[in-house]
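Please open the model and follow these points one at a time.

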Amino acid sequence: MNHYQIVKEVINEWDPKHLLRYTSEDEYEPEIRLIVSSLPTASVEKLAVVIHQVFEEMFSRSGAPSINNCIQVH
């Protein structure tokens with residue numbers, strides 16, 4: 001399984017914005033692509049920061065999951 005597919009499965013299972021019940025499974029595709037671009041060089045902590053920053057950028061600061069929630073996604 002490639003990195004994109006793994007990240008997609010994790011993000012879609014997490015569904016941090018609770019959008020998948022209303023939209024298609026590719027709702028988070030832009031965010032997933034941004035997250036995958038930092039793999040495989042990121043540590044877990046760095047990856048949590050990347051996930052937080054991506055969602056902050058794409059959904060606004062108030063719409064981003066907390067760093068603690070980003071670390072727990074696995």
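1. **Salt bridges.** How many salt bridges does a search of the whole structure find? There are 2. The term needs a side-chain nitrogen of Lys or Arg within 4 Å of a carboxyl oxygen of Asp or Glu. Side chains of opposite charge can pair when their charged atoms come close. Before going on, note that this is a predicted model, where local features need pLDDT of at least 70, side-chain atom pairs count only at pLDDT 80 or more, and totals for chains, interfaces and linings use all residues. Residues are numbered from 1 along each chain as its sequence is written, and side-chain values use heavy atoms, with hydrogens and water left out.

2. **Glu25 and Lys8.** Helices here are DSSP runs of H or I with at least four residues, strands are runs of E with at least two, and both are numbered from the N terminus. Are the two partners buried or exposed? Glu25 counts as exposed, at 54% relative accessibility. Lys8 counts as buried, at 13%. The cut-offs are these: buried is under 20% relative accessible area, exposed is over 50%, and partly exposed lies in between (1.4 Å probe, protein chains only).

3. **Glu29 and Arg33.** The side chains of Glu29 and Arg33 also meet in a salt bridge, again with 3.1 Å from N to O. Both residues lie in helix 2. They are 4 residues apart, about one turn of the helix. Glu29 is partly exposed, at 25% relative accessibility. Arg33 is partly exposed too, at 48%.

4. **The buried side of helix 2.** Helix 2 covers residues 29–36. Which of its residues are buried? They are Glu31, Ile32, Ile35 and Val36. These residues cover an arc of only 130 degrees around the axis, so they lie on the same side of helix 2. That arc is taken from the directions that run from the helix axis to the C-beta atoms. Helix 1 (3–14) and helix 3 (44–59) are among what covers the buried residues.

5. **The largest nonpolar core.** A nonpolar core is a set of buried Ala, Val, Leu, Ile, Met, Phe, Trp, Tyr and Cys residues joined through side-chain atoms within 4.5 Å. The largest one has 11 residues, including Tyr4, Tyr28, Ile32, Val50 and Phe55. Helix 1, helix 2 and helix 3 each give two or more residues to this core. Which helix gives the most? Helix 3 does, with 4 residues.

6. **Ile32 and Asn12.** Take contact to mean heavy atoms within 4.5 Å. Leaving aside neighbours within four places in sequence, Ile32 is in contact with Tyr4, Val7, Lys8, Ile11 and Asn12. Asn12 lies in helix 1. Asn12 is buried, at 17% relative accessible area. Not counting residues up to four places away in sequence, Asn12 touches Leu20, Glu25, Tyr28 and Ile32.

7. **Aromatic pairs.** The structure holds 3 aromatic pairs. Rings of Phe, Tyr and Trp (its six-membered ring) pair if their centres lie within 6.5 Å; planes under 30 degrees apart are stacked, over 60 edge-to-face, and the rest tilted. Trp14 and Phe55 form an edge-to-face pair, 6.1 Å centre to centre with 70 degrees between the planes. This pair links helix 1 to helix 3, across 41 residues. Trp14 is partly exposed at 22%, whereas Phe55 is buried at 0%. Phe55 and Phe59 are stacked, because their centres are 5.8 Å apart and their planes meet at 10 degrees. Both lie in helix 3, 4 residues apart, or about one helical turn. Phe59 is partly exposed, at 23%. Trp14, Tyr28, Phe55 and Phe59 form one aromatic cluster.

8. **Positive phi.** Finally, check the backbone at Asp15 and His18. Asp15 has a positive phi, near 45 degrees, and is not a glycine. His18 is not a glycine either, and its phi is positive at about 55 degrees. Asp15 is in the loop between helix 1 and helix 2, and His18 is found in that loop as well. Asp15 is buried, at 12% relative accessibility. His18 is partly exposed, at 46%.
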